[in-house]
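Take a moment to look over the sequence and the 3D view before reading on.

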Amino acid sequence: MATHESHKKRSGLMDWLTTVDHKKIGILYLLAGGFFFLIGGLEAILMRIQLMEPDSKIFTGELYNQLLTMHGTTMIFLAAMPIIFGFMNAILPLQIGARDVAFPFVNAVGFWLFFFGGLLLNLSWFLGGAPEAGWTAYAPLSTVAEDTGVDFYVLGLQIAGAGTLAGGINFLVTVINMRAPGMTFMRMPLFTWASFVTSGLILFAFPALTVGIFLLMFERVFEANFFNADMGGNVLIWEHIFWIFGHPEVYILILPAFGIISEIVSTFSSKRLFGYSAMVFATVLIGFLGFMVWVHHMFTVGLGPVANSIFAVATMAIAIPTGVKIFNWIFTMWGGQIRFTTAMLFAVGFIPTFVMGGVTGVMLSVPAADYQYHDSYFVVAHFHYVIVGGLILGLFAGLYYWYPRMFNRVLNETLGKWNFWLFFIGFHLTFFPQHWLGLMGMPRRVYTYMSGQDLDGANFVSTIGAILMGAGTIVLLINIVISASSKYATTKDPWDGRTLEWAMPVPTPEYNFAQTPLVRGLDALYVEKTAGNGEMTPAEPVGEIHMPNGSILPFIMSLGLFISGFGFIYANWIVAGAGLGVVLITMFLRSVIDDHGYHIHKEEVEADIKGGRA
Amino acid sequence: MNAGERLTDDNFPAHPEKATLEGKNKFLGFWLFLGGETVLFATLFGTYLGLRNMHLDGPSGEELFSLPLVFLATMLLLTSSLTSVYAVLSLKQNKVRSLQGWFIVTLLLGLGFLGLEIYEFIHYVHEGHTFTSSAFGSAFYTLVGFHGGHVLFGILWISTLLARNWNRGITLANAPKYYLFALYWHFVDVVWVFIFTVVYLMGKVG
């Protein structure tokens, strides 16, 4: 039996820089995403302060455009998606009974690409100004902008996007190839299902963004003419490409939240999820329809009534599977023994809030009416109801729910409830009045309005709400800090969980399952609990466990791209070439150095089991 | 068994590229990656189709393209796909020398294709058809250049792979790598068939 003793135990910072453990990468995603969430939130509050009163002159003109661009870009690409990826990494392999993800090394590459891409984008604040063409970077706004802001957008997103694509492929293969014995597709927890469909959407949506960003980069850096009408270009090409990516992107964001809500509603109602197979079907159907509707972002562009009608009908169709989900969550709670923990509060708060966002979505899907709503605060209200009222409430719920699994601590419930009520009330105060602001004609993306137009009161209330949301987030930070005390240590199954991630001891062993579990039904752990076992039946004898070695290469590879990003931004070809050279060298090293990982010996695993550590 | 050990004819599995979990994962992951690449090229094709008549005062595709040259390039690339099939057949029969030989032929044919493409681009630039001369120029060089970049990457990939495994024989660790390269090479070839049709043939008939 050949074993490999090349394994080096690393500690401290080096451990985090070289880790390929999906649980640690999940924590890294959560921390980095959380950090960017705070920055994006701060940018939002600054905008709301500017809009608090008419004719205000605090953040005007170009600076306001930078704030609004960076708020959107940061929240979507650097906060929401990484936090989703954090949960996927930390939880998905555990839910399907896997020891790891399919490509641990690629997983680390994905994280560091996102991190350095996000860093590059945000450094623009200090290096000549942030991008100012909106998160959609519409040409020709983005192509004629003369400072380097849009270049940071282009390079930062390209690097981060590559990481996202790698993550998507990784999760698809993990789910298809690495499920434990008995974990059939129709026994997978809904969060795993949602992550699976989301990963499929990433696979087919992100390459379109890659091309769009390349075109924009070639236009700005190499003087190409894709969008320059004087030279035969066409700005509509950007809009089409952007939304062919951009619309699936909103389902990439919301489907994992649906998955999280399904897990939590079921757990805290102490009931199996109502209509499980319908939920799976609805998830897949939403994923499919997500690709069929991008033109509803372009109803006013002038593509004609036939194109508009087709995309209007396809858009409205999405309400059907979404409605199926809403009713199934309600029926899951119906007759259940509901425990209103913080996670459950967020999940329950999610349901009516998301329905409101969905209803305004159907309103917007009528092209004739869209001509009235277009580019007004009504649209701002709509997408914040689905993205914040849907996704962010879902992520808060997931954080409170999975915090014990990820950090071996529970969060304080009293502070959690303060967090919920401040954020929830603040959210509705912020965005509900914006429906009226929009219907009364207040356009989005402008930095001020005049007094005497009946816009003052609603704007003032909206700003107060934003500050309350900020206060709610601060409560969460305090909660996280105090949870570090040993008083908040947790047991392995604090919520009476139903799915596999609650079947392991605290802390989770690096190899997850000492013995791969045998799955005997939906809600695998609950099946064993009702059968009187309390823990999973193993599907294999105790044996050697093969583990991947940590590596610094993902970090260096991403650093190389980060450096080359600066080269392209400042048209310094030596720096650009050197950075790409670093990337090629790390790829070369990865190919020529054989790394077969290492083995954890049977005796060690047995000792862990005896000592209650596995 | 160690995945790095040389396989013998006695313990040779029917599908060495998928005999380990790592191999299975790579096999599936790479197919999915090619799915993403399809979207990438589809987007580039869409852009090209939208802009292909926007040549302004510069020469149009009809004036520029020389079908005999492109046909020769196509033949080189299609033949290289065939030789990579022979290499994979050798892989499945545990014939490492034959595998190396066929992949070297693949590599040389790929280099020939790339040489013709560089010659073609230089020729067009002299005709006044450049990356910045019109929207057609930008779209043409981006689409065909992305494909050329893929060919170049493939050449670097198979070179490294052959050099690294020159004295190793076929193992469960390198079999998936050879196989994946062949998949990639076929994909690059299929994309070229579309480029030949959409860019050159459709360009010629106007």
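How are H3(A) and H6(A) oriented relative to each other? Keep in mind, as we work it out, that this is a predicted model.

**Helix pairs in chain A**

Start with the geometry. Helix H3 of chain A spans residues 61-95, and helix H6 of chain A spans residues 149-177. Their axes come within 11 Å and cross at roughly 25 degrees. Angles under 35 degrees count as roughly parallel, and H3(A) and H6(A) are therefore roughly parallel to each other. Their crossing is left-handed.

Which residues make this contact? From H3(A) come A:Thr73, A:Phe77, A:Met81, A:Phe85, A:Met88, A:Asn89 and A:Leu92. H6(A) brings A:Tyr153, A:Leu157, A:Thr164, A:Gly167, A:Gly168, A:Phe171, A:Thr174 and A:Val175. Sorted by class, the residues of this contact are 9 nonpolar, 6 polar and no charged.

Now find helix H14 of chain A, residues 377-407, which takes part in the next two pairs. One partner is helix H2 of chain A, residues 22-50; the axes of H2(A) and H14(A) come within 13 Å and cross at roughly 145 degrees. This crossing is left-handed. On the H2(A) side, the contact is made by A:Gly26, A:Ile27, A:Leu30, A:Phe37 and A:Arg48. On the H14(A) side, you can look for A:Tyr377, A:Ile392, A:Leu399, A:Met406 and A:Phe407. The contact of H2(A) with H14(A) divides into 8 nonpolar, 1 polar and 1 charged residues.

The other partner is H15(A). The axes of H14(A) and H15(A) come within 8 Å and cross at roughly 165 degrees. That makes H14(A) roughly antiparallel to H15(A). H14(A) passes H15(A) in a left-handed crossing. By class, their contact has 17 nonpolar, 9 polar and no charged residues.

| Helix pair | Axes come within | Crossing angle |
|---|---|---|
| H3(A) and H6(A) | 11 Å | roughly 25 degrees |
| H2(A) and H14(A) | 13 Å | roughly 145 degrees |
| H14(A) and H15(A) | 8 Å | roughly 165 degrees |

**A salt bridge across the sequence**

Side chains of opposite charge can pair when their charged atoms come close. How many salt bridges are there over all chains? The count comes to 15. One of them joins the side chains of A:Arg99 and A:Glu540, with an N to O distance of 2.9 Å. A:Arg99 lies in the loop between H3 and helix H4 (104-123) of chain A, while A:Glu540 lies in the loop between strand S2 (537-538) and strand S3 (545-547) of chain A, so the pair ties together parts that are 441 residues apart in sequence.

Most residues other than glycine have a negative phi, and most peptide bonds are trans. The peptide bond from A:Ala139 to A:Pro140 is cis, with omega near 0 degrees. You will find A:Pro140 in the loop between H4 and helix H5 (141-144) of chain A. Another cis peptide bond joins A:Val506 and A:Pro507, where omega is about -10 degrees. A:Pro507 sits in the loop between helix H16 (456-483) and strand S1 (517-518) of chain A. Finally, A:Arg445 is a residue other than glycine with a positive phi, near 65 degrees. Look for A:Arg445 in the loop between helix H15 (413-439) and H16 of chain A.

**What the record lists**

Turn now to chain B. Which elements make it up? Chain B has 6 helices and 0 strands, and its C-alpha atoms fill a box of roughly 65 × 30 × 25 Å along the principal axes. In an unreviewed entry, UniProt gives residues 28-204 of chain B as "domain: Heme-copper oxidase subunit III family profile". Residues 28-204 of chain B are 82% helix and 0% strand, with end C-alpha atoms 39 Å apart.

The UniProt record, again unreviewed, also lists "transmembrane region" stretches in chain B, among them residues 69-89 and 101-119. Residues 69-89 of chain B are 100% helix, and their end C-alpha atoms are 31 Å apart. Residues 101-119 of chain B are also 100% helix, with end C-alpha atoms 27 Å apart.

Methods
Residues numbered from 1 in each chain as written. Chains lettered and ligands numbered in written order. Predicted model: local features only at pLDDT ≥ 70, side-chain atom pairs only at ≥ 80, totals over all residues. Heavy atoms only, no water. Axes fitted to C-alpha atoms, helices over the stretch in contact; angles between N-to-C directions. Helix = DSSP H or I, 4+ residues; strand = E, 2+ residues; numbered from the N terminus. Parallel < 35°, antiparallel > 145°, perpendicular 65-115°, else oblique. Left-handed = near helix turned anticlockwise from the far one by under 90°. Contact = heavy atoms within 4.5 Å. Nonpolar A, V, L, I, M, F, W, Y, C, P; charged D, E, K, R; others polar. Salt bridge = Lys/Arg side-chain N within 4 Å of Asp/Glu carboxyl O. UniProt positions renumbered as here; feature names shortened; annotations may be inferred.
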